[in-house]
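Hi,

Have a look at it first, and then read on below.

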Amino acid sequence: MERYFQEDIECASREKIKAIQDERLVNQVRHVWENVPYYRKKMEEKGITPEDIKSSDDLYKLPFLSKADLREAYPYGLVGVPLKDCVRIQSTSGTTGKRVVAFYTQKDIDLWEECCARAIMAAGGTNEDVCQVSYGYGLFTGGPGLNGGSHKVGCLTIPTSSGNTDRQIMFIMDLQATILCCTPSYAAYIGERMKELGYGPDDIPLKAGIFGAEAWSEEMRCDIENTLGIKAYDIYGLTELSGPGVSFECSAQAGMHINEDHFIAEIIDPDTGEVLPEGTQGELVFTSVDKEAFPLIRYRTRDICTLTREKCSCGRTHVRMTKPKGRTDDMLIIRGVNVFPSQIETVLLNHGYAANYQIIVDRVNNTDTLDVQVEMTPEMFTDNIGEIETRQKELVDGLKAMLGLKAKVSLVAPKSITRSEGKAVRVIDKRKI
Ligand code: DLL
């Protein structure tokens, strides 16, 4: 039996959804015009006023927002309400420069948590479930979002956060957790550790997992489902728009339903900005329609996917997006952490190396690996193993401090990394996604 958190809206007719979007978009644009000078200026530059936006059909007239805008307006430039009305911030996992900081009023948090509650119920959750939230808590949106959603459904919530894997397994078994929320790579690791401890799927009560924040393949889904003896559901979201729950999978596991009463999705050609027809692959763009603190109009996610409004067997009517195929930019997501090659470069150069390096990302036993190969400069070149190991460790520590992530570092001889005549290929991503 399909379960819904808010059936009237999740299964509303397309006409009703459009009517809601039309009305809310008009108000959202006015809100932004009146309260976010940064975006108002963009509208003025395009010669657009709120009067030009009469329904969602006029969305295409509005200027885009990008991550560069968020950086430029950092930290308060896109906030749409007085700070006294904001109750929380969340932030992306990037650790340098101007990270994305999103703001929330209490109403924003309530709506976000409702989106997560929809995802939990779509995965079969009810108030009889015990939901273990093993996403990170803190600035990352994964833990707080699913925690709030779990409360709204009425599940007994176990806020373990990520890490301490043996304890995760102990809680799953002792407290009889039925739903697990974490990144897919962590779910795979929990499964692997369980096996090592001699437990199989029949030893744990889990029935469903809600996994997202990073790309994962159908093969990985299959592995996780078998190892943990569960049904594994995908969930998508981004800090800028609230966090997890922008879209989520239902029992059909055939794309993620976008919460269209809160977000209007478009697919554009990333090069021209032209809106593409349904079913065409392109960059996903979102417009929030009822956010107070951090309203975003036509925000370019840089995630590549397609949309479909074909009927779904679950009864939900909201548009579905495919799993993001990749990103238009060079940001890598490693074990759920956002990593920019430029951050790695900064560490290397700060330690006296030249920009002759290669980043090799792979997935071994369902866990992402990050291998940084960097050339010693001729001045530092040595074959003294002890010295090389000391230097490698310095870089491992430097990368850990910059990225919050353990990388493997291999120092290689000068001139051993192929030079490029055009754009350098610095990243080799061997993950099959
Ligand atoms: O990852 C929010 C989240 C938390 C989603 C927990 C799901 C579960 P950010 O750290 O801002 O927010 O990263 C957002 O992660 O633009 C995608 O590129 C990627 N991403 C998120 N979910 C998925 C997914 C959270 N299910 C960026 N599949 C997004 C593939 C995903 N990529």
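In this predicted model, a nitrogen atom of the ligand lies 2.8 Å from an N or O atom in the side chain of D234. The side chain of T239 brings an N or O atom to 2.6 Å from an oxygen atom of the ligand, and D303 has a polar side-chain atom 2.6 Å from an oxygen atom of the ligand. The ligand on its own has 610 Å² of accessible area, and the protein covers 97% of that.

The shell around the ligand holds 21 residues, and those that come nearest are D234, I235, T239, D303 and R327. Which element gives the most to this shell? That is strand β7, residues 231–238, with five residues. Sorted by class, the shell has ten nonpolar, six polar and five charged residues.

The ligand sits in the largest pocket, whose volume is about 830 Å³. Its lining is made up of 42 residues, and A213, E214, D303, R327 and I333 are the closest to the pocket centre. By class, the pocket lining has 16 nonpolar, twelve polar and 14 charged residues.

The largest cavity holds about 100 Å³ of space. Its lining consists of Y104, D108, L111, W112, C115, L241, S242, H262, F263, D290 and K291. Helix α5, residues 106–122, provides the largest share of that lining, with four residues. In terms of class, six of the lining residues are nonpolar, two are polar and three are charged.

The second largest cavity has about 60 Å³ of space. Around it you will find L70, A73, Y74, P75, G77, L78, R99, V100, V101 and F294. This lining divides into eight nonpolar residues, one polar and one charged.

Two of the residues that line the second largest cavity, Y74 and P75, are also joined by a cis peptide bond, with omega near -5°. P75 belongs to the loop between α4 (67–73) and β1 (88–91).

One more backbone detail concerns Q176. Is its phi positive or negative? The value is positive, near 55°, in a residue other than glycine. Q176 is placed in the loop between α7 (165–174) and β5 (179–182).

Best wishes

How values were computed: Residues are numbered from 1 along each chain as its sequence is written. This is a predicted model: local features need pLDDT of at least 70, side-chain atom pairs count only at pLDDT 80 or more; totals for chains, interfaces and linings use all residues. Side-chain values use heavy atoms; hydrogens and water are left out. A residue is near a molecule or strand if one of its heavy atoms lies within 4 Å of it. A polar contact is a pair of N or O atoms within 3.5 Å; within protein, one must be able to donate a hydrogen and the other to accept it, and residues adjacent in sequence count only if both atoms are side-chain atoms. Accessible areas come from the Shrake-Rupley method with a 1.4 Å probe; for residues, only the protein chains shown count as cover. On a 1 Å grid over the protein atoms alone, a cavity is a set of points where a 1.4 Å probe fits but cannot get out, and a pocket is an open set with protein on both sides within 12 Å along at least five of seven lines; lining residues have an atom within 4 Å of a point. A molecule sits in a cavity or pocket if more than half of its atoms lie within 2 Å of its grid points. Helices (H or I, at least four residues) and strands (E, at least two) are DSSP runs, numbered from the N terminus. Ala, Val, Leu, Ile, Met, Phe, Trp, Tyr, Cys and Pro count as nonpolar, Asp, Glu, Lys and Arg as charged, and the others, Gly among them, as polar. Grid points are joined across faces, edges and corners, and a volume is the space filled by probe spheres set on the points.
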